[in-house]
Amino acid sequence: MMLKKSGMPFLLLVIVLAACAGEDDSDSSGESAPDTGEEAQEQESVDEAQPEEEEQKAEEEEEEKDNEEDSGSSFDYSPPDVSAPEVSAPEVSAPEVTVPEVSAPEITVPEVGISMGEEITINVPDHLLFDFDESTLRDDALALLEEISGELEQYEAGEVKIHGHTDNQGEASYNQQLSQKRAEAVEAYFLEEETMDDFDFSTKGFGETEPVVSNDTEENRAKNRRVEIIIKPEETK
């Protein structure tokens, strides 16, 4: 009976102690709950503030980049002064060209005129070559042409132009045809000579278009009736 009495107070004591312990646990849990809510709110504030800070940081970086671009575009660059190099051209002397000496043909007939320049012109009066109003060579004209061709042999080659001229008597068209036929008759003689193969011959009849003097007198008209043998030699022997 004493054991039961002594056991009851002990059990009550245990129950009281357990109840006290439960109240302490509830108090501690009740006090810690508000703390957990505050921490959640603080975490939410941090979470909300973090994107804003990142956005602000991104805006600041973008602004700094724009400022750098603006400062780079407005950068005043002055290129250094570069002077052209001085180049002295070497002195070039003109080549020395030796022009061959060309001697004038020696014609024994005094009426034949010879003029020298870049070209050699032999002026033969028409009456030494042709009868009046004819284009066939006279027999005594062959000796004169042979002498002229012999003088041409001193040149290796060249151009020979044979021009026929008349006075102003008669029709201009007839005079032109007559002068052309006379030039061709002289050319035909030279072409028969083997020594003339290296020369280039050409003929032209000018008629009355190129007189050397006025046709006002018979003496002057005789001077205008002529055959010109114009020689442009390439080389001399």
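**Exercise 1. Overview of the chain**

What share of the 237 residues of the protein chain counts as buried? Also describe the order of helices and strands.

*Solution.* The model is predicted. In it, 24% of the 237 residues count as buried. Next, take the secondary structure: the protein chain holds four helices and five strands. Along the sequence these follow the pattern α-β-β-α-β-α-β-α-β. Then turn to contacts between residues at least 6 apart in sequence: 70% of them join residues at least 24 apart. Last, the accessible surface is about 17,300 Å², and carbon and sulfur atoms account for 50% of this surface.

**Exercise 2. The pairing of S1 and S2**

State how strands S1 and S2 run relative to each other, and how they are connected.

*Solution.* S1 covers residues 113-116 and S2 covers residues 120-125. The two strands run antiparallel and are joined by four bridges. Three residues lie between S1 and S2, and the strands form a hairpin.

**Exercise 3. Helix H2**

Check the length of helix H2 against its residue count, then locate its buried residues.

*Solution.* H2 has 12 residues, 141-152. At 1.5 Å a residue, the helix should span 16 Å. The end C-alpha atoms are 17 Å apart, which agrees. The buried residues of H2 are Ala141, Leu144, Leu145, Ile148, Ser149 and Leu152. These residues cover an arc of only 135 degrees around the axis, so they are on the same side of H2.

**Exercise 4. The largest nonpolar core**

Which residues touch the most other members of the largest nonpolar core? Follow the contacts of Phe190 as well.

*Solution.* The core has 28 residues, and Leu129, Ile148, Val186 and Phe190 touch the most other members. Two or more residues come from each of S2, H2, S3 (155-165), H3 (172-192), S4 (199-207) and S5 (226-236). Now take Phe190, leaving out residues up to four places away in sequence: its contacts include Leu145, Ile148, Ser149 and Leu152. Phe190 also touches Ile162, Met196, Phe201 and Ile229. As background, nonpolar side chains tend to be buried together in soluble globular proteins.

Definitions and conventions
Residues numbered from 1 in each chain as written. Predicted model: local features only at pLDDT ≥ 70, side-chain atom pairs only at ≥ 80, totals over all residues. Heavy atoms only, no water. Expected span 1.5 Å × (residues − 1). Buried < 20%, exposed > 50% of the residue type's maximum accessible area, 1.4 Å probe, protein only. Arc of directions from axis to C-beta. Pairing = 2+ DSSP bridges. Core = buried A, V, L, I, M, F, W, Y, C linked by side-chain atoms within 4.5 Å. Contact = heavy atoms within 4.5 Å. Areas by Shrake-Rupley, 256 points an atom, 1.4 Å probe, with all protein chains shown as cover.
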